[in-house]
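Subject: Structure handover

Hello,

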Amino acid sequence: MSNVCTDPASLPCRKHDPDLWFADDPTRLAFAQQLCGDCPVRAQCLAGALARREPCGVWGGQLVDRGRIIRKRSRSRQRNADRERQPAAAEVAGPEARPTGSDAAA
Ligand code: SF4
């Protein structure tokens, strides 16, 4: 492993919104991967992420999930992220749409 002296403040993930590297949106993740392409510590970053078994995110230009490089986020993880973003039906329809009495038990 080469020894690269780099000002941490100059790294792409320090100069841009750090949420990009952990985004739910595949387009934002792809943009983070693209930004990593110019990073002088890309190899060390990826090696460190794999050694630490990082749970998720873009590291060294790769998408990492539970300590492994993956091509894209799993559908179940994407569905969970989508579900979290979607407001519950009762929130959209208002309080009159919430189940009451026997409806709630069904
Ligand atoms: S390779 Fe690592 S240090 Fe470099 S921008 Fe990407 S996440 Fe940041």
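Arg 53 counts as exposed because it has 10 C-beta neighbours inside 10 Å. The cut-offs are these: a residue is buried if 20 or more other C-beta atoms lie within 10 Å of its own, exposed if 12 or fewer, and partly exposed in between, with C-beta atoms placed from the backbone. Arg 53 sits in the loop between α3 and β1, and its phi is near 55°, a positive value in a residue other than glycine.

Before the rest, two notes on the source. This is a predicted model, in which local features need pLDDT of at least 70 and side-chain atom pairs count only at pLDDT 80 or more, while totals for chains, interfaces and linings use all residues. Residues are numbered from 1 along each chain as its sequence is written.

Overall layout

The protein chain has six helices and three strands, in the pattern α-α-α-β-β-β-α-α-α along the sequence. Helices (H or I, at least four residues) and strands (E, at least two) are DSSP runs, numbered from the N terminus. Of the 106 residues of the protein chain, 8% count as buried. Among contacts with a separation of 6 or more, 41% are between residues 24 or more positions apart; two residues are in contact if their C-beta atoms, placed from the backbone, lie within 7 Å.

The sheet

The three strands form an open sheet in the order β1-β2-β3, with antiparallel pairing. Two strands pair if DSSP finds at least two bridges between them. β1 (56-59) and β3 (68-70) stand at the edges with a single partner strand each, so one side of each is left without a neighbour in the sheet. Neighbouring strands are turned by 40° against each other on average, direction ignored. Axes here are lines fitted to C-alpha atoms, for helices over the stretch in contact, and angles run from 0 to 180 degrees between N-to-C directions.

β1 and β2 are joined by four bridges and run antiparallel. Across this pair, Cys 56 stands opposite Asp 65 in β2, and Trp 59 stands opposite Gln 62 in β2. The hairpin of β1 and β2 has two residues between the strands, and in it Gly 60 takes a positive phi near 55°.

β2 (residues 62-65) and β3 pair in the antiparallel sense over three bridges, with Val 64 opposite Ile 69 in β3. The hairpin of β2 and β3 also has two residues between the strands. Arg 66 lies in the loop between β2 and β3 and has a phi near 50°, a positive value in a residue other than glycine. Arg 66 counts as exposed because it has 11 C-beta neighbours inside 10 Å.

Helix α2 (residues 26-36) lies across β1 and β2, running at about 30° to β1. Arg 28 is in helix α2 and is partly exposed, with 16 other C-beta atoms within 10 Å. Leaving aside neighbours within four places in sequence, Arg 28 is in contact with Leu 20 and Ala 23.

The largest nonpolar core has nine residues: Leu 20, Trp 21, Ala 32, Cys 36, Ala 49, Val 58, Trp 59, Leu 63 and Val 64. α2, β1 and β2 each supply at least two residues of this core. A nonpolar core is a set of buried Ala, Val, Leu, Ile, Met, Phe, Trp, Tyr and Cys residues joined through C-beta atoms within 7 Å. Not counting residues up to four places away in sequence, Val 64 touches Ala 49, Glu 54, Cys 56, Gly 57, Trp 59 and Ile 69.

The ligand

Which residues surround the ligand? They are Leu 11, Pro 12, Cys 13, Trp 21, Cys 36, Cys 39, Val 41, Arg 42, Cys 45, Trp 59, Gly 60 and Gly 61, where near means that the C-beta atom, placed from the backbone, lies within 6 Å. The elements giving two or more residues to this shell are α1 (12-15) and α3 (42-52). By class, the shell has nine nonpolar, two polar and one charged residues. Ala, Val, Leu, Ile, Met, Phe, Trp, Tyr, Cys and Pro count as nonpolar, Asp, Glu, Lys and Arg as charged, and the others, Gly among them, as polar.

Regards
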